[in-house]
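Morning, everyone. Please look at the structure on the screen while I talk.

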Amino acid sequence: MNVEDIRELQPFMNENMQLTALPAKYKKKLMAYYYLATKLEDGKKYTEAEINDILHHWTTFDDPATLRREMYNKHLMDRTNDCKQYWKEAELPALGAFLAKYV
């Protein structure tokens, strides 16, 4: 995400670049999920607890289950069938392409 993209999320962020709320508008909500996906390392597998820790670090609201589910549903993150391991999709599309797919 570039600075201009982040600027659209600024009303929903604090000074530590943490999301303080999910935007109500769908496009900005998608941008928030994308923003969180960029916080995951490429090629690294995470446990559910590790993903929750990352989501807690980058948000101030407590809803990691919704965030995990939506990031998975939007193909930003994948997981094993038993939900024991999660990982960032191998190649995230550019933000514009991602938004075009869902808006």
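Predicted model: local features only at pLDDT ≥ 70, side-chain atom pairs only at ≥ 80, totals over all residues.

Let me start with a term. A salt bridge here is a side-chain nitrogen of Lys or Arg within 4 Å of a carboxyl oxygen of Asp or Glu. How many salt bridges does a search of the whole structure find? Three.

Before the details, some ground rules. Residues are numbered from 1 along each chain as its sequence is written.

Now, confidence. pLDDT is the predictor's confidence in each residue, from 0 to 100. The chain averages 95, and 100% of the residues score at least 70. Which element has the lowest mean pLDDT? Helix α1, residues 3-9, at 88, whereas β1 has the highest, 98. Helices (H or I, at least four residues) and strands (E, at least two) are DSSP runs, numbered from the N terminus.

Next, the sheet. Two strands pair if DSSP finds at least two bridges between them. Three strands form an open sheet in the order β1-β3-β2, with antiparallel pairing. β1 (45-46) and β2 (77-79) are at the edges with a single partner strand each, so one side of each has no neighbour in the sheet. β1 pairs with β3, residues 86-88, over two bridges. Tyr-46 stands opposite Tyr-86 in β3.

Asp-42 joins Lys-88, with the closest N and O atoms 3.0 Å apart. Asp-42 is in the loop between α2 and β1, and Lys-88 is in strand β3, so the pair ties together parts 46 residues apart in sequence.

Last, helix α4. Axes are lines fitted to C-alpha atoms, for helices over the stretch in contact, and angles run from 0 to 180 degrees between N-to-C directions. Contact means heavy atoms within 4.5 Å. α4 lies across β2 and β3, at about 100° to β2.

The axes of α2 (residues 26-37) and α4 (residues 64-73) come within 10 Å and cross at roughly 95°. They are therefore roughly perpendicular; angles under 35 degrees count as roughly parallel, over 145 as roughly antiparallel, 65 to 115 as roughly perpendicular and the rest as oblique. Tyr-33, Leu-36 and Ala-37 in α2 meet Leu-67, Glu-70 and Met-71 in α4.

Then α3, residues 48-58. The axes of α3 and α4 come within 10 Å and cross at roughly 105°. That makes α3 roughly perpendicular to α4.

How values were computed: Heavy atoms only, no water.
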